[in-house]
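Hi everyone, thanks for coming. Today I'd like to walk you through a few spots in one protein chain, so let's bring it up on the screen.

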Amino acid sequence: MGGLSLKILRKEGDDIQLLCFPDEEVEKGDYLLIRDRFKDRSLIVQVIDVQYANIPGILEDLLRDGISEGSITGDDVDPFNVSSQIAVLKDTRLLVGKIRGALEQGRLSRDVSWLPSRNHSLVELMPSTLLMEALSAKHSFELGSTRRFSNIAADLNALDGRLNIVTGRKGTGKSHLTKLLVTSLVKEGAPAVVLDVNGEYVNLGRSLDGRQMHLSPKIIALIPGVNLRFSLSQVGLSTLLGTLIYALSLPENSARVFARIWHELEERGELTMRSLGEAIATYDCHESIRDALQARFNTLDDSGIFSDDPRTALNFEEVFRNHSAGCALIVNMKNQYSALRRITVELLISKLTDLLSSQRLRALFLFAEEAHLYLRETYWDDIVTRMRHLGLFTTFITNQPDTIQNSIYRQADNIFLFNFNNEHDLEIVSRVAKIDADTVRMIVRDLPPYRCLVIGDIVANFPLVVNVRPLEVQTLGATRYFFQSQITAA
Ligand SMILES: Nc1ncnc2c1ncn2[C@@H]1O[C@H](COP(=O)(O)OP(=O)(O)O)[C@@H](O)[C@H]1O
Ligand SMILES: [Mg+2]
């Protein structure tokens, strides 16, 4: 690959600045190699910003030369062709880059401590083979393209055992990317659960023209209270107490009474909603406690989330067993009131961790959209520690980055950043530990829709600006327009 006419201006730690002449086309996110012509080694540099080069010294020099020349002879000649040089200078750009690694004798190396020579270095675009090699993997899927590389195949293994974040402004393509991740995992045989607050994942098994595709038997849409129901005995007292306390704010003294009622029913072998309702109504306790219990019981009962008929309760174990070649359970929480979302998620997570800890399920990928709407405070840390240990690998998706806890930013293994244009959001997402804050700020604020900065294991720790590829399945939940039919009909 030919050299570019770029010059090294400055290097400080892993920051590097290059001068780029007007005829070169270089964009944010591009990777360059700075090759030492005499030693077989190169620095790998990513361009994170393109600015005008303000080189006052040089500019002044040239200007002074030009002016003094003209005033002596008193005419308009431009013997040194200064004006065209100044024109070039005005369009000369300053590339702000970050050193991401090095090549020694053709092999990737992390030794970036050496200083490339200003005189003997050649700057060139990084050849695609190098990136392809770094990304090559057994379980790869097509993520999209970059400006220079038509097909970026990323490694699904890099999601396995990991914690991931997808964030960006509304409408930039987060859910779209998540659908790509979910379908890719399911195709490779993995089990996934999607907490879908907008009901937009339910048609992932259908092609754009509505036909069912081979993926369709693997996409299982669940509606809480309809086909996602639990039996009391399946749930158990501790989970139910947790749900009552956290999702329905049941006071502690009432919770103690509830436990007593539960034990009595259990001894009698009558753990049904019906008996529970009757027991609460007649239990000998303070009126305020009974009222508190009664109100929570009514909420649970109305939601339909509990069923006394074991045949209508969802048998998770069986579902996963029957779909050993991969499946996605889509929990459709569209239009649900917030308490019901919380109840659903409490019961679901408890059930899933139960399956995982008893080894009835090996591992599971959980996708949580706008988790602050339904995930209790204490679960966030649990998800990165205990549950992850058990095999629950979570991806958080949100357009409000401040709703994701700091510990998640610090520990995330893969981060997909779509556009943000306000300082507050940029500040929050630049907390991710995997990359420097400069890169995040400079790249993310200018990203167009459908394009994201991918950071982490999934891109072999070479941050990439990727155009996420289109999907061949239905992405229901796309914004509806009133005038759309007229537009297409016209
Ligand atoms: N890479 C892409 N290629 C084609 N269409 C896309 C892409 N990403 C998003 N879209 C479309 O753009 C719209 C908004 O995307 P969506 O993923 O719902 O945004 P977000 O979840 O960030 O609010 C949707 O109609 C979606 O189908
Ligand atoms: Mg979305």
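This is a predicted model: local features need pLDDT of at least 70, side-chain atom pairs count only at pLDDT 80 or more; totals for chains, interfaces and linings use all residues.

Let's begin with helix α12. Around its buried residues you'll find, among other things, α11 (338-357), α13 (386-390), β15 (392-398) and α14 (406-411). And which residues of α12 are buried? In this helix, which runs over residues 377-384, they are Tyr379, Trp380, Ile383 and Val384. They sit on the same side of α12, because the arc they cover around the axis is only 130 degrees.

Next, a pair of helices. α7 (residues 252-268) packs against α9 (residues 287-303) at an angle of about 75 degrees, and their axes are 9 Å apart. So α7 is roughly perpendicular to α9. Who meets whom? From α7 we have Asn253, Ser254, Val257, Phe258 and Ile261, and from α9 there are Ile289, Ala292 and Leu293. Sort that contact by class and you get six nonpolar residues, two polar ones and no charged ones.

Last stop: Ala368, in strand β14 (residues 364-369). Buried or exposed? Its relative accessibility is 3%, and buried means under 20%, so Ala368 counts as buried. Setting aside neighbours within four places in sequence, Ala368 is in contact with Leu195, Tyr374, Thr395, Phe396 and Ile397.

Technical notes. Residues are numbered from 1 along each chain as its sequence is written. Chains are lettered from A and ligands numbered from 1 in the order in which they are written. Side-chain values use heavy atoms; hydrogens and water are left out. Buried means under 20% relative accessible area, exposed over 50%, partly exposed in between (1.4 Å probe, protein chains only). Helices (H or I, at least four residues) and strands (E, at least two) are DSSP runs, numbered from the N terminus. The arc is that of the directions from the helix axis to the C-beta atoms. Contact means heavy atoms within 4.5 Å. Axes are lines fitted to C-alpha atoms, for helices over the stretch in contact, and angles run from 0 to 180 degrees between N-to-C directions. Angles under 35 degrees count as roughly parallel, over 145 as roughly antiparallel, 65 to 115 as roughly perpendicular and the rest as oblique. Ala, Val, Leu, Ile, Met, Phe, Trp, Tyr, Cys and Pro count as nonpolar, Asp, Glu, Lys and Arg as charged, and the others, Gly among them, as polar.
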